[in-house]
Amino acid sequence: MTSFSPRSLQWLPFSPKSLISRLFTTITLFLCLAGSTFADTYDENLLLQPLSGQFLLASFNFKSHGPIQSFNKQLFELFPRSLGQILQYTHTRELHLRFALGRWDSELWGAQPGDGQNAGGTGVELWAWVEAENDIEAEARWTSLNNALSGLFCASLNFIDSTRTIRPVMSFSPTGDFPHMNKTDLFLLHGTLPKEPVCTENLTPFLKLLPCKGKSGISTLLDGHKLFDASFQSMSIDVRPICSPINGHCDIEIQQNIDMVLDISRSLQRKDSPVPRPRDQHELVCDTTKSYASDEYCYPLDNSFDLPWSLSDLFGRSIAGSCPFAVKEPQTPHVCIAAPHDRQVHPTEGTEIFASQDGKQCFILRENQIFDIALPKQEPPTTPLRQEPLLYAERSFTGHGQEHGGVKTVLRNPSLKDSIEVVYLESLPWFMKPYLHTLNARLLPPPLDGDGDVISELYYRPALDRKRGTQLEAKLVIPANSVVIVTYDFEKAVLRYTEYPPDANRGFDVASAIITIPPHRRGSDRRNVPATSIRTTSLLLSLPTPDFSMPYNVIIFTSTIMALAFGSIINLLIRRFVAVDEVQRMDIKGKIMGLIGKVKKTKAE
Amino acid sequence: MALRVPVNLRQNLSVVLYAFQALSIGAVVVGLASLLLLPLDEYSRRTYISENALLPGQVHAYFGGSEQNIVRAFRREVESLGNSTSNVVAERIAEIFRSANLKVGTQRYSYKAAGGSYTGENVYAVLHAPRGDATEAIVLCAPWKNIDHILNEGGVALTLALSRYFKRWSLWSKDIIFVISSDARAGPQAWVDAYHDLHGPNVQSLSVKSGAIQGVVVVDYPGGRFESLHIMYDGINGQLPNLDLINTAVQISRDQMGLRTDLQEMWDHKDTYNHRLKTMLRGMVNQALGHSTGPHSSFIPYHIDAITLATHGEGWHDEGSLGRTVESVFRSLNNLLEHFHQSFFFYLLMAPKRFVSIGTYLPSAMLVAVGLTLTAIRLWVDPRSRSKVEVEEVVVKTDEKKGEKSEGGKVVVDTVIDSGPKRQLFLPLSIVIGAHFCGVIPFAVFNWIDYKSMANVFYIFIVVSVAFPTLLSGLITLTTSENRLLPTFHLARCFSLLFLGMFLSTLATVNFSLSFLIGLFSLPLMFARPTPTSVPLALLNSILLQLTSPFAALFIVAGYWGLGVEDILKEASFGWWVWGMWTPVIVWCVWWPAWVVGRISVDASFVMSVTRKGRS
């Protein structure tokens with residue numbers, strides 16, 4: 001490891017400068033490792049999972065731990081200093097930040113990875129437990145947290161103001177441990193920005209928080225072009241304290257996750273040509289059993305085989321060796337693939353294969369050794385593993401027009417045996433005013449005993465115009481194999497013209513509803529199910545909007561006319577009209593006489 | 001303080017009356033003439049793209065090549081399903097969509113109108129925009145049978161092929177929904193109603209949904225190779241899609257694809273005055289009828305801009321050209337940042353690239369309506385609206401009063417506000433209001449009866465509505481005292497015309513063409529007065545009124561399309577029950593009552609001449 005092998009030099013297209021810096025890092029690292037002064041531990045893991053419909057889920061997980069004492073003393077080792085200082089300054093004890101784009105197709109792909117705990121609604125979502133003495137202080141710290149994070153992540157988090165902040169009561173509970181803290185001093189605040197377009201400018205600061213900063217290890221795969229072409233992608237940061245129940249030592253943990261779902265066929269095709277031109281005739285897979293099948297007619301056959309792919313095909317590059325911080329004894333796997341058993345997986349030669357666990361094949365990365373996985377074309381296609389989600393949720397607007405509207409959420413419990421308790425949370429902007437009396441939860445099929453009351457608990461915080469939004473939290477019980485349809489009507493407020501955003505008027509995004517399923521036991525074996533959360537898609541609310549260019553035109557026109565009229569009228573009014581012969585001739589002599597006259601006058605006074 | 005008419009004007013009231021008459025006739029003449037001026041270059045404008053985000057025709061369209069093989073294969077599949085029931089069709093189409101990895105839903109619907117039942121099953125698929133957030137969607141629709149009930153082979157096959165082709169693009173910012181509606185009239189309506197959860201109990205809810213629909217393109221392509229694209233744009237109740245959408249389609253097909261575009265079935269548009277006028281008038285007829293001209297019509301009341309691209313004729317263009325056109329239009333729609341709002345929603349098109357906007361054309365309908373209102377005002381001012389006997393009494397009274405005042409030599413505030421004889425308002429108002437209430441009867445009858453009995457009921461109704469005003473005028477003539485007889489008819493006409501005039505000017509801002517055409521047909525009402533002294537004039541008036549009655553209009557419309565009257569009535573009933581079309585309401589509850597009141601006045605002349613009443 002002290003010297004680069006000729007092979008590894010080949011793949012190092014770095015300039016000498018970067019080579020030196022790399023060497024320097026390695027040496028420093030060596031010194032560090034030799035002294036074993038590191039108290040922080042770091043893990044990174046990539047899980048690849050083919051999904052049905054020729055999709056691939058890539059879940060990146062980066063996790064580091066460190067003693068909370070050194071964190072409190074601002075002794076940051078692997079914990080990112082920039083983030084750590086913000087958290088300390090704002091007294092944030094637990095932080096959850098989500099960036100998401102696209103939607104998770106649970107019909108096709110099944111349950112979300114990590115029980116949906118790592119995914120947020122479209123746009124940006126942030127919730128945190130802030131330590132404060134009272135509500136006002138908490139609010140102030142929350143604002144400074146948002147502003148600081150906004151700068152750190154290049155996102156408009158500073159727009160999370162009081163109108164977008166809610167304080168969920170039932171939906172969230174802390175995941176960290178707070179043994180030495182008074183629970184009443186912790187304030188939970190939650191804000192969303194559904195309109196925020198997540199893009200590369202958010203990825204770069206995200207990668208900078210990692211110890212290897214995307215230069216080595218699995219994070220080398222994270223290229224903005226590929227990440228943001230994914231059908232679904234979510235980035236998350238979770239910071240929480242963890243205490244050992246045995247000795248009471250507390251650690252601070254930061255977890256960074258990226259889940260992305262790649263459309264394999266689209267990614268492969270993008271590699272060949274950015275434009276999906278019609279395929280050549282011989283590339284088409286046609287159904288030759290059709291009576292009309294010929295050169296002119298082609299009934300296309302789909303999904304007749306599994307597409308061949310490799311990491312470098314999909315991500316545009318392969319993994320550039322392991323991240324030095326993630327090399328540990330005993331060894332932990334870095335890359336795992338959960339392909340169906342009958343699918344062939346070919347890692348790069350010489351890769352150490354870790355003992356496979358629960359159907360996954362895992363591999364350990366070596367430093368400075370490129371790693372790639374190739375899956376060949378497979379005919380007939382394999383069936384990817386799919387875990388049935390606990391709940392399907394879909395939300396849409398009903399009605400049309402500029403004045404009123406309705407929201408309809410369909411919650412379906414696919415389980416045939418177990419009923420499920422869920423908490424439904426809506427955070428609505430103040431200009432969308434729901435009528436609580438229209439809130440209705442209908443059970444399909446209707447219950448036999450006629451007791452159709454599905455809402456067991458309701459928490460509602462009404463909106464105040466321009467001050468805060470509506471928060472609606474409802475606890476529902478959905479019986480097995482049935483559907484609950486939650487509907488309510490709302491009124492659209494008329495905004496002041498300055499309240500419209502200065503961008504193109506696409507409409508106003510309404511944040512995703514958050515559906516939380518608390519931890520419970522289910523099935524005949526009473527197995528534990530951890531807390532799960534599901535988010536619906538966001539909605540686009542169109543409000544009555546003036547044609548802004550029109551008033552401006554009118555203003556410009558009227559102003560011009562007024563200026564013209566005013567100018568000429570004032571000109572007429574203040575001007576004294578005299579005949580030409582009345583005008584006094586003012587030659588030099590006259591002027592001098594006038595001056596003398598003035599002087600005399602003043603003297604006389 | 002009382003408003004007093006200057007004495008000289010009161011004495012010469014006929015000057016005012018003539019001025020009013022001249023003004024009202026002048027308004028109508030100018031209104032009609034200004035409509036005829038619209039096709040001229042000076043009054044119409046060239047179309048232009050107002051929304052810069054659309055960028056029509058700025059991208060290369062790639063559809064073609066091997067994709068056409070797929071279209072041809074799908075066409076064979078569609079052909080083989082030609083005679084199947086709609087659920088078999090829906091199942092097969094759903095299977096094809098599903099194999100392309102799209103989210104598929106089906107929807108059964110059933111409507112009842114004019115004794116007929118309209119059932120079918122729509123099938124649709126949602127292509128999730130990669131990276132999209134399900135907030136917006138655009139729709140590509142192909143009816144299984146087009147508006148002429150011909151199997152839309154090419155359209156359905158092309159939609160199926162495009163659904164696979166679009167899936168391969170990364171650039172979609174909005175979801176794309178592919179709808180194969182069971183027919184061209186009820187199916188799209190059921191689908192769009194259910195999409196907004198505003199459907200009736202006989203229409204199934206949609207299982208899969210997406211975001212707010214921003215635009216709709218319908219493909220109607222039953223034949224093989226074609227010559228030109230016919231763009232249909234009229235919506236229900238004369239609502240129109242945003243002009244930018246039409247301009248985009250026209251610009252793409254003409255300038256990018258070299259495909260001729262036609263409007264309003266003008267297959268040979270030479271861009272002459274005659275052709276422009278004809279296109280405009282055809283557009284106005286469609287707008288006035290407010291019916292559906294294709295599957296796109298159902299979307300427009302939901303403020304979703306929609307057009308139908310129908311192929312026409314035999315030429316050298318094939319599914320590739322149409323596919324590329326649709327692809328390019330979708331690329332433009334995909335560029336939209338905002339809902340269509342930039343361009344006009346109120347316009348009359350007279351050539352694919354020439355239009356007049358509301359500011360230019362509105363005065364003509366308004367002037368016709370104003371003509372009617374002015375006539376009503378003239379009738380009110382006219383001293384003949386006052387009863388004769390009381391005229392004398394009141395005149396005497398006022399004279400006495402005046403005498404008293406002058407004798408007293410004091411300035412007393414005049415207590416007689418409306419000096420002069422009183423108008424008797426009860427009978428005329430009851431006639432007008434009664435007639436308008438009676439309008440509900442034909443409206444209800446024609447919406448509830450069966451198609452089979454429709455023609456007979458209609459002829460019975462004509463007889464009734466010809467005889468009814470005559471009987472009524474006879475009744476009024478015989479029961480009312482002679483001095484109040486003529487003022488009664490006079491005031492009835494006044495109120496009826498006032499209501500019609502005001503209603504039409506309001507309607508003109510919503511549905512210009514309907515307002516204009518009803519105004520045009522109602523012009524004889526301006527002159528329909530009781531003429532007890534001249535029976536031939538009354539006869540002439542009566543014939544004129546019959547020729548411009550709502551029935552005559554119905555016969556004209558039937559003749560224009562070569563259909564029976566019962567078909568038109570069936571269409572109206574279908575329109576009311578399925579599309580929520582308001583034209584029958586306006587015809588039966590606004591126009592027909594006005595016509596009845598006109599008839600009462602005219603027919604009174606015959607009764608009067610027979611009874612020799614009111615001739616003095």
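Which residue is the bridge partner of A:S310 in β16(A)? The partner is A:A374. The model is a predicted one.

Strand β16 of chain A covers residues 373–375. Two strands flank β16(A) in an open sheet of 3 strands, ordered β9-β16-β12. The pairing is antiparallel. At the edges stand β9 (309–310) and β12 (346–347) of chain A, and each pairs on one side only. Between β9(A) and β16(A) there are 2 bridges.

Strands of a sheet pair through backbone hydrogen bonds, either parallel or antiparallel.

## An enclosed strand: β19 of chain A

Is strand β19 of chain A enclosed or open? Of its 9 residues (420–428), 8 are buried, so β19(A) is largely enclosed by the rest of the structure. Strand β19(A) runs antiparallel to β23 (residues 470–478) of chain A, with 9 bridges joining the two. One of the facing pairs is A:I420 and A:I478. Strand β19(A) also runs antiparallel to β26 (residues 514–517) of chain A. Here 3 bridges make the link. In β26(A), A:I515 stands opposite A:Y424.

| Strand pair | Direction | Bridges |
|---|---|---|
| β19(A) and β23(A) | antiparallel | 9 bridges |
| β19(A) and β26(A) | antiparallel | 3 bridges |
| β9(A) and β16(A) | antiparallel | 2 bridges |
| β4(B) and β5(B) | parallel | 7 bridges |

## Chain B as a whole

Chain B has 616 residues, and 53% of them count as buried. There are 20 helices and 11 strands in this chain. Its C-alpha atoms fill a box of roughly 105 × 50 × 45 Å, taken along the principal axes. Take the contacts in chain B between residues at least 6 apart in sequence: 83% join residues at least 24 apart.

Chain B is divided into domain 1 (52–352), domain 2 (390–422) and domain 3 (425–611). How far apart do the C-alpha centres of domain 1 and domain 2 of chain B lie? The distance is 73 Å.

B:I177 in β5(B) stands opposite B:V139.

## A helix and what follows

Helix α18 of chain B spans residues 550–561, 12 residues in total. From first C-alpha to last, α18(B) reaches 17 Å, close to the 16 Å expected at 1.5 Å a residue. Just after α18(B) comes B:G562, with a positive phi of about 65°.

A:Q256 lies in strand β8 (residues 250–263) of chain A. A residue is buried if 20 or more other C-beta atoms lie within 10 Å of its own. A:Q256 has 23, so it is buried. Among the residues it touches are A:F62, A:F206 and A:I237. A:Q256 and A:S64 are 192 residues apart along the chain, but their C-alpha atoms are separated by 8.9 Å.

B:S292 is found in a loop of chain B, between α8 (273–289) and β9 (305–317). B:S292 has 27 other C-beta atoms within 10 Å, so B:S292 is buried too. Its contacts include B:R185, B:I236 and B:W579. B:S292 and B:R98 are 194 residues apart in sequence and 31 Å apart in space, C-alpha to C-alpha.

## Where the chains meet

The contact takes 45 residues from chain A and 37 residues from chain B. On the side of chain A that touches chain B, the elements giving two or more residues include β3 (92–102), β17 (392–398) and β18 (404–412) of chain A. The largest share, 3 residues, comes from α9(A). The residues of this side divide into 14 nonpolar, 15 polar and 16 charged.

Terms used. Residues numbered from 1 in each chain as written. Chains lettered and ligands numbered in written order. Predicted model: local features only at pLDDT ≥ 70, side-chain atom pairs only at ≥ 80, totals over all residues. Buried ≥ 20, exposed ≤ 12 C-beta atoms within 10 Å, placed from the backbone. Helix = DSSP H or I, 4+ residues; strand = E, 2+ residues; numbered from the N terminus. Pairing = 2+ DSSP bridges. Domains from an automatic or database assignment. Expected span 1.5 Å × (residues − 1). Contact = placed C-beta atoms within 7 Å. Nonpolar A, V, L, I, M, F, W, Y, C, P; charged D, E, K, R; others polar. Lists of a residue's contacts leave out its neighbours within four places in sequence.
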